[in-house]
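Take a look at the structure below.

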Amino acid sequence: MNQMELSFNAKIENEPFARTSVASFITSLNPTIDELAEIKTIISEGVSNAIIHGYQNNADCKVIIKVSIIENREIKIVIQDYGKGIENIEEAKMPMYTSLKELEHAGMGLTIIEALCDNLEIHSTLNLGTKLTIKKQLKDSSVD
């Protein structure tokens, strides 16, 4: 198993760095363009949620990403914050739900992540943070 871990300040301008770092890490698996785009979107949504909702843009806080390449081309991504947590996970997973109604965004982050991955687990405790564990199976690279 091959792994990486990344920790960075909870600033929205660090989201492209996180997305690109994870994409670079998995290039050895030779993912398709679509798979790469999906993984970058997963990272973007998860990191943005941690920064905006978990930490409410407090740049002194850290977002942690761990990526593991498991046998048979499966990728496991963990995105973790130690922020305010999610009060109701089922409600948060509903399309168009947002905990920050004053912001003008769609509230689709978790819905998008769930649609693009094979498995999403959300563990969250109020005032202790949230951990997303995401699994995605890449296609067999020898098949066209």
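## A pair one turn apart

Helix α1 covers residues 15-26, and Glu15 and Arg19 sit four residues apart in it. That spacing means about one helical turn separates Glu15 from Arg19. This model is predicted. In it, the side chains of Glu15 and Arg19 form a salt bridge, with N and O 2.7 Å apart.

Arg19 reaches 24%, so Arg19 counts as partly exposed.

## A pair across the chain

Glu38 and Lys136 also join their side chains in a salt bridge. Here the N to O distance is 2.6 Å. The pair links distant parts of the chain, 98 residues apart. Glu38 belongs to helix α2 (residues 33-54). Lys136 belongs to strand β5 (residues 129-137).

Lys136 is buried, because its relative accessible area is 8% and the limit for buried is under 20%. Glu38 is at 25%, so Glu38 counts as partly exposed.

## The remaining pair

How many salt bridges are there? The count comes to three. One of them joins the side chains of Glu13 and Lys11, at 3.9 Å from N to O. The cut-off is 4 Å, so this pair qualifies.

Glu13 counts as exposed, because its relative accessibility is 52% and the limit is over 50%. Lys11 has a relative accessible area of 34%, so Lys11 is partly exposed.

Side chains of opposite charge can pair when their charged atoms come close. Where is Arg73? Arg73 lies in the loop between β2 (62-70) and β3 (74-81).

Arg73 is buried, yet has no salt bridge. Which side chain of opposite charge is nearest to Arg73? That is Glu35, 4.4 Å away. Arg73 does have a polar side-chain atom 2.5 Å from the backbone oxygen of Leu29.

The axes of α2 and helix α4 (residues 109-116) come within 9 Å. They cross at roughly 150°. The crossing of α2 past α4 is left-handed.

Methods
Residues are numbered from 1 along each chain as its sequence is written. This is a predicted model: local features need pLDDT of at least 70, side-chain atom pairs count only at pLDDT 80 or more; totals for chains, interfaces and linings use all residues. Side-chain values use heavy atoms; hydrogens and water are left out. Helices (H or I, at least four residues) and strands (E, at least two) are DSSP runs, numbered from the N terminus. Buried means under 20% relative accessible area, exposed over 50%, partly exposed in between (1.4 Å probe, protein chains only). Lys and Arg count as positive and Asp and Glu as negative; His and the chain ends are not counted. A polar contact is a pair of N or O atoms within 3.5 Å; within protein, one must be able to donate a hydrogen and the other to accept it, and residues adjacent in sequence count only if both atoms are side-chain atoms. Axes are lines fitted to C-alpha atoms, for helices over the stretch in contact, and angles run from 0 to 180 degrees between N-to-C directions. A crossing is left-handed if the near helix is turned anticlockwise from the far one by less than a right angle, and right-handed if clockwise.
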